Amino acid sequence: MTRKPFEELTISDDFMFCKVMEHEHICKEFLELLFSAKIEKITYLSSQNIITTNSGAKTVRLDVLVKDEAGTSYNIEMQVANQYNLPKRMRYYQAALDISFLDQGYSYKTLNDSFIIFICLFDPVGKNRAIYTFENICVEDKTIPLQDGTKKIILNANAFSTADNKDLQGFLQYVKTGKVTTEYTGRIEQMIQTVKQNELARREYHILPAALMDAMDEGEARGLAKGSRQKALETAKNLLHFGLSVENIAQATGLSQAEVEALK
């Protein structure tokens, strides 16, 4: 598979999006401008999380997973191409998150509030809105929400000019066109240029197998989920040789950090 040259990566490319959103202040500000509300503190932030619900289930790789001090979780995804599966994909992501968060023996009430957020370079709904927010409501009386604590948000960068919030409008315009029009997008652009000067990031982009970067959603990585342990160990050894961190290798291969450490 031909990959875009590292020097040409933008915020809309999965690898660079994750690298930028790994920075707490950038990720926090994105959530604050999206919800027009202050987030006091981020307690967990990780990119490229691999979630396997069981040995026979489809494996999910999440771009960015965030939790705040209130316990609310946010899964933020960048989506360039329309695969015409977004609604059911969001449904599966929500289910995978719920299963991974709710440990055996705990009450359903302990499930945290959760947002699945997709930033798209296309309009999957077709109504030319910059923001589509979905929640479960009563069909017979649409003023009654189910209150299951979940919402799904689609950001359509194509319609950036229709966004009411000027900072969000600027962010979506930047995603779509690369044009910097706000202080926030200026800081993102500066960070991208910094990443491009980072030799370790360049090496990571070129060395990580393409299948581990973007094929989880296509089901090509089921071999890892079903116990293809030897292949995972061989990949981890190669990545260690190229100087990647134990945490990144564990996320990429599905191995535990202890298993990766043992290979040193």
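Start by selecting I249: it touches A236, L239, L240, L244 and V260, leaving aside residues up to four places away in sequence (contact means heavy atoms within 4.5 Å). This is a predicted model, where local features need pLDDT of at least 70, side-chain atom pairs count only at pLDDT 80 or more, and totals for chains, interfaces and linings use all residues. Residues are numbered from 1 along each chain as its sequence is written, and side-chain values use heavy atoms, with hydrogens and water left out.

Now show the cartoon around I249: the residue sits in helix 10 (residues 246-253). Helices (H or I, at least four residues) are DSSP runs, numbered from the N terminus. Is I249 buried or exposed? I249 counts as buried because its relative accessibility is 0%; buried means under 20% relative accessible area, exposed over 50%, partly exposed in between, with a 1.4 Å probe and protein chains only.

Next, pick helix 2 (residues 24-35) and helix 5 (residues 183-196): their axes come within 11 Å and cross at roughly 150°. Axes are lines fitted to C-alpha atoms over the stretch in contact, and angles run from 0 to 180 degrees between N-to-C directions. Show side chains there: H25, I26, E29, F30 and L33 of helix 2 meet Y184, R187, I188 and M191 of helix 5.

Last, zoom out to the whole chain: buried residues make up 44% of its 264 residues.

Key. Helix = DSSP H or I, 4+ residues; strand = E, 2+ residues; numbered from the N terminus.
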